[in-house]
Amino acid sequence: MKLRRTALPLALISLTAVALAATAVVAQILPPVGNRAVPQPAKPVDLGRYAGVWYEIGRYENSFERGCEAVSAEYRMRDDGLVQVVNTCRDGGLDGPIKMIKGRARVLAGSDGAKLKVSFFGPFFFGDYWVLDHGEAYDWSIVGEPSGRYLWLLTRAAEPPAALRAMLQARARELGYDTALIRPTLH
């Protein structure tokens with residue numbers, strides 16, 4: 001009888017330890033929330049004009065880009081109405097090996113081209129890609145998603161002028177993002 005009384009508390013302690021360990025693992029995988037009230041996209045996106053190469057000049061750090069520098073993304077319209085996505089970076093630094101991943105995106109109905117679902121693995125579209133704001137000349141873009149954990153500042157030039165960098169930081173702040181979490185990308 002005494003064995004059963006001690007077995008239950010030991011089992012609860014073991015389950016608690018497992019739950020705490022799992023929570024710690026998830027906390028390492030998921031980045032912090034940098035915006036608890038992500039806004040809707042500010043304006044429509046003409047995907048024909050958005051297509052082309054974009055250079056990441058800053059981002060919220062995330063597990064799938066950890067250690068990446070010289071990050072770029074190329075978007076191209078496909079004949080089937082989807083958008084081809086090719087993300088490239090230098091792994092571990094500017095002289096590191098090139099790392100590339102190809103995917104595709106589909107536009108969410110009713111989003112005026114500003115909200116996409118992306119897939120890099122298999123037939124299912126999981127990732128959200130929201131063009132929260134962009135320049136009238138499609139020379140800069142701020143991209144996020146509904147959880148507020150991911151943010152990208154993009155320009156058409158790998159080394160944009162300091163004034164453009166400052167404007168993007170200010171605009172991200174206006175959109176409610178914690179700009180202290182933005183990690184500059186080296187090029």
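1. A pocket here is an open set of grid points where a 1.4 Å probe fits, with protein on both sides within 12 Å along at least five of seven lines. The model is predicted. By that definition, its largest pocket has a volume of about 890 Å³. The lining counts 33 residues. Closest to the pocket centre are F64, N87, V118, F120 and W152.

2. Which strand gives the most to the lining of the largest pocket? β2 does, with 5 residues. Other strands take part too. At least two lining residues each come from β1 (52-60), β2, β3, β4 (98-107), β5, β6 and β8.

3. Next, the packing. The largest nonpolar core holds 19 residues. Within this core, V45, Y50, Y75, Y129 and L154 touch the most other members. Two or more core residues come from each of α2 (47-50), β2 (68-77), β3 (83-91), β5 (115-119), β6 (127-134) and β8 (151-155). As background, nonpolar side chains tend to be buried together in soluble globular proteins.

4. L154 deserves a look of its own. L154 is one of the core residues that touch the most other members. Neighbours within four places in sequence are set aside here. L154 then contacts Y50, W54, Y55, E56 and Y129, among others. Its contacts also include D139, W140, S141, V143 and L168.

5. Now the rings. How many aromatic pairs does a search of the whole structure find? The search returns 7. Ring pairs join Y50, W54, Y75 and Y129 into a cluster.

6. Two charges sit over rings. The charged end of R156 lies over the ring of W54, 3.8 Å from the ring centre. W54 is also part of the ring cluster. The charged end of K115 is placed over the ring of W130, at 4.0 Å from the ring centre.

7. Last, V33. Where is V33 found? V33 lies in the loop between α1 (2-29) and α2. Is V33 buried or partly exposed? V33 counts as partly exposed because its relative accessibility is 24%, and buried would require under 20%. Leaving out residues up to four places away in sequence, V33 touches S147, G148, R149 and L181. V33 and L181 are 148 residues apart along the chain, yet their C-alpha atoms are separated by 9.4 Å.

Definitions and conventions: Residues are numbered from 1 along each chain as its sequence is written. This is a predicted model: local features need pLDDT of at least 70, side-chain atom pairs count only at pLDDT 80 or more; totals for chains, interfaces and linings use all residues. Side-chain values use heavy atoms; hydrogens and water are left out. Rings of Phe, Tyr and Trp (its six-membered ring) pair if their centres lie within 6.5 Å; planes under 30 degrees apart count as stacked, over 60 as edge-to-face and the rest as tilted. A charge sits over a ring if NZ of Lys or CZ of Arg is within 6 Å of the ring centre and within 35 degrees of the ring normal. A nonpolar core is a set of buried Ala, Val, Leu, Ile, Met, Phe, Trp, Tyr and Cys residues joined through side-chain atoms within 4.5 Å. Buried means under 20% relative accessible area, exposed over 50%, partly exposed in between (1.4 Å probe, protein chains only). Helices (H or I, at least four residues) and strands (E, at least two) are DSSP runs, numbered from the N terminus. Contact means heavy atoms within 4.5 Å. On a 1 Å grid over the protein atoms alone, a cavity is a set of points where a 1.4 Å probe fits but cannot get out, and a pocket is an open set with protein on both sides within 12 Å along at least five of seven lines; lining residues have an atom within 4 Å of a point. Grid points are joined across faces, edges and corners, and a volume is the space filled by probe spheres set on the points.
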